Amino acid sequence: MAKILLGFIIVLAAVAVATMAEGCDKDREDMIRECKKYEMFPATPKIDPSPACCAVWQRADIPCLCKRVTKEVEKEWCMEKVIYVAKYCGKPFNPGYKCGSYTVPPIAQ
């Protein structure tokens, strides 16, 4: 009985991990589809994002996405624009928050 219970717990844990990874994968796909044109280099001009992009920002697991930001991603996605879009969409990063290797600067006085 204990072995069956342990097996059941392991299966549930595996399903939970897979579900979390899939959720972040979907957020990543949605972010690319809806927000890419607002967050890519060059750094200027900064363009106000679409309502569809903001909807992605509102529901996305941003900490999960930020963990996936690599140096290669940072060569394509302008982190200054990412910060701009996040703020515009009402889900700003706090100063000091780290997304990939980028640290959100303090608010200018």
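A residue is called buried here when its relative accessible area is under 20%, exposed when that value is over 50%, and partly exposed in between, with a 1.4 Å probe and protein chains only. On this basis, 30% of the 109 residues of the protein chain count as buried. The model is a predicted one, in which local features need pLDDT of at least 70 and side-chain atom pairs count only at pLDDT 80 or more, while totals for chains, interfaces and linings use all residues. Residues are numbered from 1 along each chain as its sequence is written, and side-chain values use heavy atoms, with hydrogens and water left out.

The protein chain holds five helices and two strands (DSSP runs numbered from the N terminus: H or I of at least four residues for helices, E of at least two for strands). Along the sequence these elements are arranged as α-α-α-α-α-β-β.

Helix H2 spans residues 51–59, and its buried residues are Cys53, Cys54, Val56 and Trp57. Viewed down the axis of H2, these buried residues fall within an arc of 155 degrees, so they line one face of the helix (the arc is that of the directions from the helix axis to the C-beta atoms).

Trp57 returns in the largest nonpolar core, a group of 25 residues in which Met31, Trp57, Ile62 and Phe93 have the most contacts (such a core is a set of buried Ala, Val, Leu, Ile, Met, Phe, Trp, Tyr and Cys residues joined through side-chain atoms within 4.5 Å). At least two residues of this core come from each of H1 (2–39), H2, H3 (62–67) and H5 (79–88).
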